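Please keep the sequence and the structure in view while reading.

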Amino acid sequence: MQIRPANASDSRAIAGFIAMAESEMVHHFTGTSDPEASIPALEKFILSPVENRYSLDNNTIAELDGEAAGTLISFPADKQPSLDGVLLASHNARGYDLKE
């Protein structure tokens, strides 16, 4: 197993891991309750030029036999409010009234 920084080619795998880990919350981020249909929307967060919780820079990949086997999403705790702004905006655009 190799541990490495994520890159753009990992975005689909990362989106799949997020969909599995946050199954019910994915609906709020993407507007769909179907995990497969949420993958492209999650990839937009991952590849967004606006830094957010799911940005590539916050992902570390565990790779096994040349395939992404998992991801670790981490960032400094004091950055959470600014990182979650993109997600909150997505929630609120769908009619939720979420605050930080």
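This is a predicted model: local features need pLDDT of at least 70, side-chain atom pairs count only at pLDDT 80 or more; totals for chains, interfaces and linings use all residues.

Residues are numbered from 1 along each chain as its sequence is written, and side-chain values use heavy atoms, with hydrogens and water left out.

**The sheet**

- Three strands form an open sheet in the order β1-β2-β3, with antiparallel pairing; strands are DSSP runs of E with at least two residues, and helices are runs of H or I with at least four, numbered from the N terminus.
- Strands β1 and β3 (67-73) stand at the edges and have a single partner strand each, so one side of each lacks a neighbour in the sheet.
- On average, neighbouring strands of this sheet are turned by 30° against each other, direction ignored; the axes behind this angle are lines fitted to C-alpha atoms.
- In general, the strands of a sheet pair through backbone hydrogen bonds, either parallel or antiparallel.
- Two strands count as paired if DSSP finds at least two bridges between them. Four bridges join β1 and β2, while six join β2 (residues 59-64) to β3.
- Glu63 has Ala68 of β3 as its bridge partner, and Gln2 stands opposite Glu63 in β2.
- Leu64 stands opposite Glu67 in β3.
- The hairpin of β2 and β3 has two residues between the strands, and Asp65 in this hairpin takes a positive phi near 50°.

**Helix α2**

- Val26, Phe29 and Thr30 are buried in helix α2 (residues 23-30); buried means under 20% relative accessible area, exposed means over 50%, and partly exposed lies in between (1.4 Å probe, protein chains only).
- These residues cover an arc of only 75° around the axis, which puts them on the same side of α2; the arc is that of the directions from the helix axis to the C-beta atoms.
- Gly31 follows α2 and has a positive phi, near 85°.

**The surface**

- Met1, Ile3 and Leu64 form a nonpolar patch on the surface, with about 350 Å² of accessible area together. Patch residues have over 30% relative accessible area and no salt bridge, and nonpolar side chains (Val, Leu, Ile, Met, Phe, Trp, Tyr) are joined within 5 Å, like charges within 9 Å. The areas come from the Shrake-Rupley method with a 1.4 Å probe, and for residues only the protein chains shown count as cover.
- Met1 lies in the segment before β1 (2-5) and is exposed, with a relative accessible area of 70%.

**Salt bridges**

- Side chains of opposite charge can pair when their charged atoms come close.
- The whole structure contains five salt bridges, each defined as a side-chain nitrogen of Lys or Arg within 4 Å of a carboxyl oxygen of Asp or Glu.
- Asp10 and Arg4 form a salt bridge (2.8 Å, N to O), and both residues are buried. Arg4, Asp10 and Glu63 are linked in a network of salt bridges.
- Glu43 and Arg12 form a salt bridge (3.1 Å, N to O). This pair links distant parts of the chain, with Glu43 in helix α3 (residues 35-47) and Arg12 in helix α1 (residues 11-21), 31 residues apart. Glu43 counts as buried because its relative accessibility is 13%.
- Arg53 and Asp84 form a salt bridge (2.8 Å, N to O). Arg53 is in the loop between α3 and β2, and Asp84 is in the loop between α4 (80-83) and α5 (85-93). Asp84 counts as buried at 13% relative accessibility.

Conventions:
Axes are lines fitted to C-alpha atoms, for helices over the stretch in contact, and angles run from 0 to 180 degrees between N-to-C directions.
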